[in-house]
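Here is a short briefing to read alongside the model on your screen. Keep the viewer open and click through the residues as they come up.

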Amino acid sequence: MEQIELGSSGIRTSRVGLGTWAIGGWMWGGSDEAEAIATIRSAVERGVTLIDTAPVYGFGRSEEIVGKALAEGGLRDKAQIATKVGLAWKDGKVWRDSRPERLRLELEDSLRRLRTDAIDLYQVHWPDLEAPFEETARVLEAMRAEGKIRAIGVSNYSPAQMDAFRAEARLDAVQPPYNLFEREIEADVLPYAARSGLTVLSYGALCRGLLSGRMDSGTRFEGDDLRKVDPKFRGERFAHYLAAVEELKTLARERYGRSVLALAVRWVLDQGPTIALWGARHPHQLDPAGEVEGWTLDDEAKHAIDAILARHVPESIAPTFMAPPTKRPALA
C-alpha cells in the first residue's frame with residue numbers, strides 16, 4: 001500500500017485509510033460488532049494501516065470497537081489511529097465544544113476507549129466559533145508535549161481558521177470532505193494544504209457509497225441512515241448521480257480494466273498530498289483495495305471525468321447538511 005507522512009510529524013501511514021463512522025452505527029442504520037472487528041483487522045492485514053474514528057461515531061461505540069479490534073488482535077503497533085475531539089452530545093443531539101476542559105475530558109475518554117497510551121493523529125472535528133482557535137491549539141500542543149498525542153489535525157476548517165490555529169500549534173493534517181462529486185476544497189483548502197505542508201485526509205472518498213458502484217434506482221435507506229436527508233440521494237438528483245456513476249463505470253472498465261470504486265479512490269490520491277478515507281463495515285467491502293495501487297489517471301481520463309460530471313451533475317451540492325450547529329445549547 002502506498003505510504004505518506006502526516007505533515008512533518010514523522011508518522012508514515014497508508015494513503016488509503018479506513019473510515020469508521022458507519023462502524024459506530026449511528027446515522028448508518030446500526031452496526032454488527034463482530035463484522036466491524038473483522039473489517040478493521042482485515043484492513044490492517046491488507047496494508048490499510050490508518051484507522052480514522054471519532055468519539056461521536058456511535059457516541060463512543062466506534063472508538064471502543066477500534067480499540068478492541070487492535071488491542072485484542074495484537075495490531076496496535078501496526079496501525080495508526082486518527083481520532084477527533086471537540087463535539088459534545090446529549091440525547092442524540094450534537095454540538096461543537098472545544099473549551100479546554102472539554103478537550104481534556106475527551107482525550108482521556110478516547111484513550112480509554114481506544115485502549116492506547118497515545119493517539120497518532122488528534123483532530124478537532126469541527127471549528128468551534130465560540131472558542132478561540134488559538135486557545136484550542138495551545139491545549140492540543142500541550143497534549144503533544146505530554147506524549148498523549150503524536151500529531152495534530154483539524155477537520156472542516158477554512159484556511160483562515162487554520163492560520164489562526166497554526167499561530168499556536170504545529171498542524172500536520174486537515175480533514176475535509178473530498179471526492180469526485182464534492183470538490184469545493186479545490187478552491188481553497190487543497191492549495192492551502194499543498195503550500196503549508198499539510199496532509200489532506202479526504203473523508204467521504206466514495207461519497208457515502210455513491211461511488212461504490214453498488215447502488216441503483218431501487219436502493220433504499222432505512223432507519224436513521226443519513227442518506228435519507230442527503231440531497232444527493234433524493235428524487236431526480238439521485239437519478240442524475242446514478243447516471244454519472246454508470247458512465248464512470250464504463251470509463252474505468254474500458255480505459256483501465258478497473259472498478260468505478262478504484263477509479264474514485266485513485267482520483268483522490270492523484271490530487272496532491274492526500275489520503276482517501278474509505279468507509280467499510282464488512283471485510284468484503286475492502287476487496288477492491290488492491291485495484292487502487294500501481295497506476296495513475298492520465299490527463300485524458302481526468303478531462304473525460306469532468307465532462308461526465310458536467311453532463312449529469314452541473315450544479316455541485318456541497319455536503320453542508322452534515323455540519324453540526326455552530327452554537328452550543330444554553331445548558332451545555
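This is a predicted model: local features need pLDDT of at least 70, side-chain atom pairs count only at pLDDT 80 or more; totals for chains, interfaces and linings use all residues.

Residues are numbered from 1 along each chain as its sequence is written, and side-chain values use heavy atoms, with hydrogens and water left out.

**Terms used throughout**

- Helices (H or I, at least four residues) and strands (E, at least two) are DSSP runs, numbered from the N terminus.
- Buried stands for under 20% relative accessible area, exposed for over 50%, and partly exposed for what is in between, with a 1.4 Å probe and protein chains only.
- Contact stands for heavy atoms within 4.5 Å.

**Aromatic pairs**

- A pair of aromatic rings is described by the distance of the centres and the angle of the planes.
- Rings of Phe, Tyr and Trp (its six-membered ring) pair if their centres lie within 6.5 Å, and planes under 30 degrees apart count as stacked, over 60 as edge-to-face and the rest as tilted.
- By this rule there are 10 aromatic pairs.
- Phe59 and Trp89 make a tilted pair, because their ring centres are 5.4 Å apart and their planes stand at 40 degrees.
- Phe59 sits in the loop between strand E4 (50-52) and helix H3 (61-72) and Trp89 in strand E6 (residues 87-90), so this pair ties together parts that are 30 residues apart in sequence.
- Phe59 is partly exposed at a relative accessible area of 28%, and Trp89 is partly exposed at 26%.
- The rings of Phe221 and Phe233 also have their centres 5.4 Å apart, but with planes at 90 degrees, so this pair is edge-to-face.
- Both Phe221 and Phe233 are in the loop between strand E11 (199-202) and helix H8 (235-256), 12 residues apart.
- Phe221 is buried at 14% relative accessibility, and Phe233 is buried at 6%.
- One aromatic cluster is formed by Phe133, Tyr157 and Phe165.

**A charge over a ring**

- Arg102 lies over the face of Trp89, 5.8 Å from the ring centre; the rule asks for NZ of Lys or CZ of Arg within 6 Å of the ring centre and within 35 degrees of the ring normal.

**The second largest pocket**

- A pocket is found on a 1 Å grid over the protein atoms alone, as an open set of points where a 1.4 Å probe fits, with protein on both sides within 12 Å along at least five of seven lines; lining residues have an atom within 4 Å of a point.
- The second largest pocket holds about 330 Å³ of space, where grid points are joined across faces, edges and corners and the volume is the space filled by probe spheres set on the points.
- Its lining has 18 residues, and Trp126, Asn156, Pro177, Ile185 and Thr320 lie nearest the centre.
- By class, the lining of this pocket has 12 nonpolar, 4 polar and 2 charged residues; Ala, Val, Leu, Ile, Met, Phe, Trp, Tyr, Cys and Pro count as nonpolar, Asp, Glu, Lys and Arg as charged, and the others, Gly among them, as polar.

- Helix H9 (residues 260-269) is mostly covered, with 10 of its 10 residues buried.
- The cover of H9 includes strand E3 (16-19), E11, H8, strand E12 (274-279) and helix H10 (299-312).
- Asn179, in the loop between strand E10 (173-175) and helix H7 (189-196), is buried at 0% relative accessibility.
- Leaving aside neighbours within four places in sequence, Asn179 is in contact with Gly204, Ala205, Cys207, Leu211, Trp267 and Val268.
- Trp267 and Val268 are among the buried residues of H9.

**Ile149**

- Ile149 lies in strand E9 (residues 149-155) and is buried at 2% relative accessibility.
- Beyond neighbours within four places in sequence, Ile149 is in contact with Leu107, Ile119, Tyr122, Leu140, Met143 and Arg144.

**Backbone angles**

- Most residues other than glycine have a negative phi.
- Phe59 has a positive phi near 55 degrees.
- Arg115, which is not a glycine, has a positive phi of about 55 degrees.
- Arg115 is in the loop between helix H4 (100-114) and strand E8 (119-124) and is partly exposed at 44%.
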